[in-house]
Structure formats: structure tokens, C-alpha cells
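Trainee: I would like to learn how to read a protein structure. Could you walk me through this one, feature by feature?

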Amino acid sequence: MIEESGKRRRTMAEKRQLFMELRAQNFDVIRLSTYRTACKLRFVQKRCNLHLVDIWNMIEAFRDNGLNTLDNNTEINVSRLETIISSIYYQLNKRLPSTHQIGVDQSISLLLNFMIAAYDSEGHGRLTVFSVKAILATMCGGKILDKLRYIFSQVSDSSGFMVYAKFDQFLREVLKLPTTVFEGPSFGYTDHSTRTCFPPQKKIALNMFLDTIMADPPPQCLVWLPLMHRLAHVENVFHPVECSFCRCESMMGFRYRCQQCHSYQLCQNCFWRGHANGPHSNQHQMKEHSSWKSPAKKLSHAISKSLGCVPSREPHHPVFPEHSEKPLDLPHVAPARPLTNMNDAMVTHISSGAPTPTKRLHSSMDTASRVPDEHALISDYVTRLRTGTRLVEEEQKQTAQVAGSPHSSPSHGANRSIPMPVRSTSAGSTPTHVPQDSIAGLGDVQEAFAHGTRRNLRSDLLVAADSITNTMSSLVKELHSDDGADEEDDKIQNGKDRG
């Protein structure tokens, strides 16, 4: 009896431990309920070490414990829930280096008691599979995009459209999280929660689901969810700016700049607590900055934007296919034999549309082997055309002798000219001096292109020039898209009118 009484007291102390630590953080002084809720749930996430568990690791844990084979309405007891949580943390320690191991037993105890407090407040000792998936998928680490894609898979049908009843069930479960940290009056579940997210009688596919939840602003009942992720991203962001209220010479986290008061900026602690001085008022509109951009970088960006070098903003997320795509037929994507040289690799990799047949690859390799370096000769020929030599006339004469006609079909030459731009662009600038005796290679070039069909070498070279232009254009677009991604990370979040 004494041992059971002591064990019961320890259990009650463990249940209260997380909430006592949460209260000690004094988050209730934050005047805005959105920030209060996000800060509290971020604290619970880190205290339970869930921020170290990626959403993909969580999905793997669900599968390892057989949750994916159970109906979402199936109930599991607390003992099985503890087994699931234990496997998550033991697998986590296997992934972490020995110097960063977590306390597994304490993490299990804290998370288990938090989940029981959130989903089994009446003490039935059972939780549904859907409740377990909802809380763990929401509170774990990882990208919000990946989380939302997994959540959509749980609330959609086989046709790829959201089922309103399932999404309503998800909101009913996930909104227990704010209620558990005493923010129920602001973000508790209501009968209107689903209608505030999506209009009824409308088919909601994945992209519309992501657009809605990741919008600015998101649905009111879930506004704390993307904010919790933004908090995680800015915790270690440094701003070399003085706070206009507390006079701290640097800021960590978010930075807020007034839209009416010149050079008036607040650190996140002062803004969250509603501090203001001088002519500034809490009624003024503020902009939320998640990064620091130096004046030099601002000037560079302004110049690039004025010159049209800054691409338009990309969507908040990639556009996913509405229906699942067929899996790749890998035996036809990869060549059936080991690659012997770069020519083979380039033909296989760059070929657009259907994969190149193996027979055509062999034919191309046999033709290329007739000259010591086919691509080098073509490059030399392009150079001589540019320097104004008599090679065009020579080419037309040889074409007439070998092919018997000045025209040929361009369809077969396109395939063989594909690898050439890769070689020519990697070779650097075109040489300005061409040896006179290099003209002897023209016969070999013509023979290589005329093998098995009639060719017009000049048309091939024009195709090659077009390929070079297209390749360089694609590279420039990729570079600009990388700059746009960096700019997206530095984007400014608009603060709301905090009246």
C-alpha cells in the first residue's frame, strides 16, 4: 500500500511537472493570444524533444507500430501509447551523436502525460489512433509543408479531395492543443471552425488545402500553427539594431518596425508585451522582420529590381499534381549496360521525351569512334565560321560530293547534337587562332554526320548554337530562382494592427 501510494504521488508530480515549468516561463504576459499560444506550444515541443523528430521519422514510427493498418477511430490504451512514444525516442537517440543524447525516460514521461492531459482528461485510459497521429504530426519537427501534406493524406479520400467530416475531426483534435495550454477561449474548437477554413460544397484538392493553411493570414483557428514554425526559424536570428524601448543594442528573434514612426523598432519581447514610448502607440501598424538585411544588400536588391533582374515571387509552396503519378519504369530510364564514356551518359541523360533505345546508343557510339574527337572538330569548325574563312563553301562542296544534295532531313541530327553544347560550354571561351592544317578534319566531320543518312553540317551547327543559347538561358533562370528563394527566406511578414 505504501509503495502504491508513493508511485501514485510520483505519477501526479510528473503530470504537473511540464505545466509547472510552462507557468514559470511567464508567457501569459504576452498580450496577443496568437503569440502566447505559439510560444507555449513551442516550449512544450522543445521540452519534450519533439523538435528533434522530423515528420518523416514520425510517419516511420507510425508504420513500425502498425498505426497505418488501423482505422483512425480505433482506440488504443495508454500502455500501447507509451510503447509508441518509447520507440520514437529510442530511434531518435540512435540518430543523434553520443554527445547529444536525450534523456529518453524523462521525454517519454513528459510527452505521455501531456497527451493524456490533452486527449484523455476524463481518465478513460484510451485514445483514438487519429488523436495520436494528429498531435504527434502537429507537434513534431520538420517543415510545415511536409506536415500539411501528411495531414491532408489523413483527411482526404482516394480521389484526392478533402473530406469535410475528416477535416472537421482533425480540427476537433488539433485545437485541443491550445486548450491544453490554457488558450481555449481564443483557439478552442467551435461548430464554425471548419467553415471558417473552407467554403462548404467545394472540392478541396491538395494545392488549395496548402494555399489556405499557408496563406497570410491563415485561417483564424490555425493562425498559431505557422507562427510556431516561424518562431523555430528565428530563435537564433541576430539583428544589429537597438530596441527603441528597452535600448538593448541587439535583438534576437523577430524585429518589429513601426510604419508611422521613423526609425522606431522594437524587439520581440517589448512588442509582445505592448511596450511603447514617445510618439509611438500600440495602435500603429508594425512590420514583422524575420531577418536582418544590411543597407548594402538593400541597395543591391533595389538596383537589381530596377533592372528587372529580380524574378517575380514564387508561390508559397511547389504545385503538386492533383492525382498521383505513375511510378517510373526504372529499367527503361537507366541504360541496360554500364556507361562506357561521357558521350553515352550525355545521350542517355539529356534525351528529352522517351528514353533513347539501346540500339541507337550503340549506333551513335560506333559513329563517334570514327574520329579522334568529334566534338572538338565541330567546335573548331564553328570557330572558323566566325573568323570568316572559306569553310562554308568547302562544306557545301563536300556535302554535294558525299550526299549528292544540298539539303537533308534535320530530324536525325537533333539527337546527335544534344551532347555537344555540354562539351562546348564547359570548354570555356572560343580560341582566336586556328591552325591552317586543321581544315583537314572537315572530311571526318562530314563523314561522321553523313553516316547512314544525308546531312547538312551547317544546319547541325545552327541547331547546336540554339542548344547553347537555350542552355545558357536555363542556367540564368536557375540562378535567378536561387536568388528568389534566398529573398523568400528574407521576406518581411506584415504585423497586424494590434488594437
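Mentor: Gladly! Let us begin with aromatic rings: the rings of Phe, Tyr and Trp count as a pair if their centres lie within 6.5 Å. In this structure, which is a predicted model, Y35, F254, Y256, F271 and W272 form one aromatic cluster.

Trainee: How many aromatic pairs are there in the whole structure?

Mentor: A search of the whole structure turns up 13 aromatic pairs. A pair of rings is described by the distance of the centres and the angle of the planes. Take Y35 and Y256, whose centres are 6.4 Å apart with 75° between the planes, an edge-to-face pair.

Trainee: Which parts of the chain does the pair of Y35 and Y256 tie together?

Mentor: Y35 lies in helix α2 (residues 33-47) and Y256 in strand β5 (residues 255-258), so the pair ties together parts that are 221 residues apart in sequence.

Trainee: Can you show me another pair?

Mentor: Look at F167 and F209. This pair is edge-to-face, with 5.9 Å from centre to centre and 90° between the planes. F167 belongs to helix α8 (residues 164-174) and F209 to helix α12 (residues 206-213), so this pair links distant parts of the chain, 42 residues apart. Both residues are buried: the relative accessible area is 0% for F167 and 1% for F209.

Trainee: What about charges and rings? Which ring does the charged end of R31 sit over?

Mentor: Here we look for a charged side-chain end placed over the face of a ring. The charged end of R31 sits over the ring of F271, 6.0 Å from its centre. F271 is also one of the residues in the aromatic cluster. In a second case, the charged end of K203 sits over the ring of F161, 5.2 Å from its centre.

Trainee: Now the nonpolar core, please. Which residues have the most contacts inside the largest one?

Mentor: Think of a core as buried nonpolar residues joined through their side chains. The largest core here has 99 residues, and Y89 and F209 have the most contacts inside it. Helix α5 (residues 104-119) gives this core its largest share, 10 residues. Setting aside neighbours within four places in sequence, the contacts of Y89 include C48, N49, L50, I102, V104 and L111.

Trainee: To finish, what does the chain look like as a whole?

Mentor: Its secondary structure comes to 24 helices and eight strands. Of the 499 residues, 41% are buried. The accessible surface comes to about 28200 Å², with 53% belonging to carbon and sulfur atoms. Among contacts with a separation of 6 or more, 68% are between residues 24 or more positions apart.

Conventions:
Residues numbered from 1 in each chain as written. Predicted model: local features only at pLDDT ≥ 70, side-chain atom pairs only at ≥ 80, totals over all residues. Heavy atoms only, no water. Helix = DSSP H or I, 4+ residues; strand = E, 2+ residues; numbered from the N terminus. Buried < 20%, exposed > 50% of the residue type's maximum accessible area, 1.4 Å probe, protein only. Contact = heavy atoms within 4.5 Å. Areas by Shrake-Rupley, 256 points an atom, 1.4 Å probe, with all protein chains shown as cover. Core = buried A, V, L, I, M, F, W, Y, C linked by side-chain atoms within 4.5 Å. Phe/Tyr/Trp six-rings, centres within 6.5 Å; stacked < 30°, edge-to-face > 60°. Lys NZ or Arg CZ within 6 Å of the ring centre and 35° of its normal.
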